[in-house]
Amino acid sequence: MSSTLSIDLHTHSTRSDGSLTPAQLVEHAAAAGVEALALTDHDTIAGLEEAQAAARRLRLDLVPGVEISARWRHQAIHVLGLWVDPAAHQLTLALERQAEQRVVRMRRICAALSKLGLPGDELFVAVLAHPGVPTRSHLAAALAASGHARCAQDAFRKYLGRGRPAHFAADWPALEQVVGWVVDSGGLACLAHPARYALSAGARSRLVGEFAAAGGTALEVVTGAHGAQHSGACAALALKFGLQGSVGSDFHHPHFSWNPLGRLAKLPHGVEPVWCGRLGAAGT
Ligand code: AMP
Ligand code: MN
Ligand code: MN
Ligand code: MN
């Protein structure tokens with residue numbers, strides 16, 4: 001029965017801004033009783049091979065995934081590609097461009113920090129020293145480590161978040177294009193954490209409608225950072241637009257005790273699970 005499976009379809013490794021290597025992440029998930037896990041690093045599939053090898057060893061169902069940065073009306077939106085083919089040529093090329101875009105954006109952000117009197121060049125070097133694609137999380141950690149913020153959250157509050165002096169409006173590819181990459185690579189597109197975007201209820205509904213029209217399959221109805229109220233609202237949107245539902249913790253670090261791997265609520269009644277029929281015998 002799918003309702004008894006422990007499933008987590010949204011997690012990060014050191015290939016983006018998580019703190020566990022892909023193999024450590026899979027080991028951590030297996031120890032937590034997770035039976036089906038998607039690795040969904042920001043704009044990269046570089047960790048999938050290592051994760052897949054660990055998953056085979058531990059008999060865990062590894063869903064090849066990625067969390068792609070997209071744009072919808074000047075708003076940064078995250079599209080999860082699930083069951084993507086890591087060998088798909090168009091997707092690989094697109095993700096290479098996304099990674100380049102991330103380096104360009106990081107340079108801009110660090111230049112803005114320099115203008116504020118901070119050591120932008122040193123921060124840029126610190127971020128690029130990480131093995132994964134550069135993200136604002138890495139920069140927030142570098143700002144905290146160098147004493148320019150009390151913690152990563154504080155760095156977002158002071159410099160990196162929306163409306164702050166080192167924030168730049170998203171320049172990611174359009175939502176329709178990103179959904180197209182996922183679908184063309186044999187995967188299915190799932191809109192990540194729909195309640196986290198700074199949108200009115202009406203705009204959120206239009207976003208979900210356009211996502212569905214572009215070929216999206218699912219909404220992340222249950223996410224680690226939100227409660228039952230969020231799930232109910234997302235379930236209603238999924239039903240309205242004929243989308244399936246997904247569950248994912250958005251796990252980054254084992255020391256974030258409020259966001260553990262795999263310990264997620266069930267999908268609200270009536271929402272069809274995105275994993276139905278896609279997870280071997282256990283997921284049917
Ligand atoms: P990026 O994709 O480079 O824009 O970085 C976004 C990542 O930064 C997200 O995936 C989160 O992991 C992290 N993040 C975004 N906003 C915050 C925040 N306010 N506090 C802490 N981390 C955040
Ligand atoms: Mn992240
Ligand atoms: Mn996200
Ligand atoms: Mn994520």
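**Salt bridges and cysteines**

Let's start at glutamate 210, which is partly exposed, with a relative accessible area of 29%. Here, buried means under 20% relative accessible area, exposed over 50%, and partly exposed in between, with a 1.4 Å probe and protein chains only.

Some ground rules. This is a predicted model, where local features need pLDDT of at least 70, side-chain atom pairs count only at pLDDT 80 or more, and totals for chains, interfaces and linings use all residues. Residues are numbered from 1 along each chain as its sequence is written, chains are lettered from A and ligands numbered from 1 in the order in which they are written, and side-chain values use heavy atoms, without hydrogens and water.

Now, the charges. Side chains of opposite charge can pair when their charged atoms come close. We call it a salt bridge when a side-chain nitrogen of Lys or Arg is within 4 Å of a carboxyl oxygen of Asp or Glu. How many salt bridges does this rule give? The count is 6.

Glutamate 210 takes part in one, with arginine 73, at 3.4 Å from N to O. This pair links distant parts of the chain, 137 residues apart. Arginine 73 sits in the loop between β3 (61–72) and β4 (75–82), and glutamate 210 in helix α8 (residues 201–213). Helices (H or I, at least four residues) and strands (E, at least two) are DSSP runs, numbered from the N terminus. Arginine 73 is partly exposed, at 48%.

Next, arginine 196 and aspartate 250. Their closest N and O atoms are 3.1 Å apart. Arginine 196 is partly exposed at 39%, while aspartate 250 is buried at 6%. Elsewhere, Arg150, Asp154 and Arg157 are joined into one network by salt bridges that share partners.

Last, the cysteines. A disulfide is a covalent bond between the sulfur atoms of two cysteines. Our cut-off is a pair of cysteine sulfur atoms within 2.5 Å. The whole structure has 0 disulfides. Cysteine 190 is buried, at 0%. For cysteine 276, the closest cysteine sulfur is in cysteine 190, 15 Å away, again too far for a bond. Cysteine 276 is partly exposed, at 33%.
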